[in-house]
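Q: I would like to learn how to read pockets and strands in a model. Where do we start?

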Amino acid sequence: MHKNKTLSEYPVIGDKIEIKRVNIKTDDKYASQVLDIIDDDIYIISGPIQKSTLIPLHVGNLIEISYFREDKGRFVFKAKIIEREYKDVYKLKIERISCITKIQERNYYRLSVKLDVQKVYSLKIRDEEKEVIENCTAKDISGSGIRMFCNLKHSIGDLVKLQIPIGDFNITALGTVVRVQEIENDNFKFSLGVKFTDIKDEDRERLIKYIFEQQRKLRKKGLI
């Protein structure tokens with residue numbers, strides 16, 4: 001297969017990834033992880049589990065794999081499931097069938113805010129998933145991501161689900177943690193940078209409209 005990316009942009013063992021099934025109506029995405037690498041095209045990944053339930057994927061299924069590389073952005077490629085194993089750990093062997101491409105994302109104005117955000121994270125404990133729900137405070141937001149304060153320590157690549165109140169609406173977005181920083185704050189321990197990876201078009205438009213309106217108010221006051 002044609003190599004169009006440097007080695008630093010290929011998945012590595014331990015990478016947290018997202019799986020999306022190809023050629024089906026649903027847009028559901030599932031968390032997974034790279035367990036082993038056979039060669040540039042063959043990977044062993046964990047089978048997706050959601051709320052302690054195995055998500056059945058079958059040999060021959062086509063899937064899309066996406067992952068985040070710090071300081072480089074988000075990458076994606078298509079793959080085919082060539083083996084499936086349930087013994088001890090639910091695992092899939094996949095073959096990359098497309099080139100690795102970088103997802104081009106627009107630059108958005110980042111608005112300073114103070115919003116109450118609910119964060120849901122699936123924490124794996126002894127091969128079981130437990131949903132950890134935490135109330136956080138957003139410090140700034142854009143059409144492509146959010147920065148917020150929280151107390152749960154995350155790692156780069158963690159996948160989170162966010163509920164964000166915007167005006168009269170409550171927006172749901174899935175995102176990847178792209179930055180983690182310890183902070184000195186009376187109420188929170190960490191600052192998280194989260195890049196949106198799955199958000200409905202209408203919700204993104206509502207968010208951008210809200211940011212634009214707030215930006216216009218700040219301009220009128222001479223604050224920006």
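A: Start with a definition. On a 1 Å grid over the protein atoms alone, a pocket is an open set of points with protein on both sides within 12 Å along at least five of seven lines; lining residues have an atom within 4 Å of a point. Grid points are joined across faces, edges and corners, and a volume is the space filled by probe spheres set on the points. This model is predicted: local features need pLDDT of at least 70, side-chain atom pairs count only at pLDDT 80 or more, and totals for chains, interfaces and linings use all residues. Residues are numbered from 1 along each chain as its sequence is written, and side-chain values use heavy atoms, without hydrogens and water.

Q: How much space lies in the largest pocket?

A: Rolling a probe the size of a water molecule over the atoms shows where empty space is left. Here, the largest pocket holds about 1100 Å³. It is lined by 36 residues; Lys-29, Ala-31, Gln-50, Ser-122 and Leu-159 are the closest to its centre.

Q: Which strand gives the largest share of the lining?

A: Strands are DSSP runs of E, at least two residues, numbered from the N terminus. Strand 2 gives the largest share, six residues.

Q: How do strands 12 and 15 pair?

A: Strands of a sheet pair through backbone hydrogen bonds, either parallel or antiparallel. Two strands pair if DSSP finds at least two bridges between them. Strand 12 (residues 145–150) and strand 15 (residues 190–199) are antiparallel, over six bridges. Phe-149 has Ser-191 of strand 15 as its bridge partner. Both strands belong to a six-strand barrel, in the order 10-11-12-15-14-13.

Notes. Helices (H or I, at least four residues) and strands (E, at least two) are DSSP runs, numbered from the N terminus. On a 1 Å grid over the protein atoms alone, a cavity is a set of points where a 1.4 Å probe fits but cannot get out, and a pocket is an open set with protein on both sides within 12 Å along at least five of seven lines; lining residues have an atom within 4 Å of a point.
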